[in-house]
Amino acid sequence: MKNVYQLLALAIAMPSALDVWSQPQPEGREMGYAVSLAQDNDFPAAIAKAQAACMATIHISTPWRSLRPDAATWDAAVLADLDLINLYFQGIGVKVELQLQVVNMVVDEMPADLTGLPDDDPMVISTMLETLDTLFAHLPDVELAAFNISNESDALWGTNATRYTQFAGFLQAVKPHAKALYGANHNGDTLSVGTTFTSGGLTDPATVTLCQITNSAADHISATYYGIQNDFTVKPPGEVITDLDQLVALH
């Protein structure tokens, strides 16, 4: 059974909770956060608060189209941000869980001139391989906890089996290159490469086997899970445990 890579997203940790969150975590687990800018615009302070709350990894994502608007164009500002990410998080000893969005929920984030092509089209694959060359050239030092390509794609693909199969072919084609580039930067260290689906997509009888097709090409399983009811109220802890047990059992 593959490990379930659970993404925990907290914008800010309340001071009253720090004593609870800062307790040592069980062996083999790491606490990860997505840290956004606080109202005072003091990002280092927000990072320090998250570290005090046991943050070992931080979730950072970028759309492929933001990095590369088309196959001939790179966004210099995004490349500069990658340089800062590399220096800053390597310097404070925090790993990055990096997500490059080919799809983000229901939005196609391919470079504009690739839009409409199948994910496993040779042009899409070759453009991604070139993208990975540049991406890892700007991230030579920071340690990656995982690398996920696309986010919640099942929201766009629905029950279209062709899309899951095409993306599996795409992932199989680009994964070895990402792993080789990271290993060259980090003395042969292994990079875990996968994609992120919703927990609903991973457990719904209509899509569970489709997600498994794609995840057969992945090193890990990544899921977004919010623990809320349909009316956006928080589920009781017992229901959350049941949901996560179901997810693990199916994958």
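Which helices and strands do the buried residues of H5 pack against?

**View 1. Helix H5 and its packing partners in a predicted model.** The buried residues of H5 pack against helices H3 (64–67), H4 (76–92) and H7 (161–185), and against strands E4 (95–104) and E6 (144–151). Packing here is by contact (heavy atoms within 4.5 Å). Helices (H or I, at least four residues) and strands (E, at least two) are DSSP runs, numbered from the N terminus. H5 covers residues 122–137 and reaches 23 Å from its first C-alpha to its last. Among its buried residues are Val124, Ile125, Met128 and Leu132. Buried means under 20% relative accessible area (1.4 Å probe, protein chains only).

**View 2. The start of H5.** A side-chain oxygen of aspartate 121 comes to within 2.8 Å of the backbone nitrogen of methionine 123.

**View 3. The pair of phenylalanine 136 and phenylalanine 147.** The rings are edge-to-face, 5.7 Å centre to centre, with 80° between the planes. Rings of Phe, Tyr and Trp (its six-membered ring) pair if their centres lie within 6.5 Å; planes over 60 degrees apart count as edge-to-face, under 30 as stacked, the rest as tilted. Phenylalanine 136 lies in H5 and phenylalanine 147 in E6, so the pair ties together parts eleven residues apart in sequence. Phenylalanine 136 has 2% relative accessibility and is buried.

**View 4. The pair of tryptophan 157 and phenylalanine 197.** Ring centres lie 6.2 Å apart and planes at 70°, so this pair is edge-to-face. Tryptophan 157 sits in helix H6 and phenylalanine 197 in strand E7, 40 residues apart.

Residues are numbered from 1 along each chain as its sequence is written. Local features need pLDDT of at least 70, side-chain atom pairs count only at pLDDT 80 or more, totals for chains, interfaces and linings use all residues, and side-chain values use heavy atoms, leaving out hydrogens and water.

Key:
The expected span of a helix is 1.5 Å times one less than its number of residues. Buried means under 20% relative accessible area, exposed over 50%, partly exposed in between (1.4 Å probe, protein chains only). A polar contact is a pair of N or O atoms within 3.5 Å; within protein, one must be able to donate a hydrogen and the other to accept it, and residues adjacent in sequence count only if both atoms are side-chain atoms.
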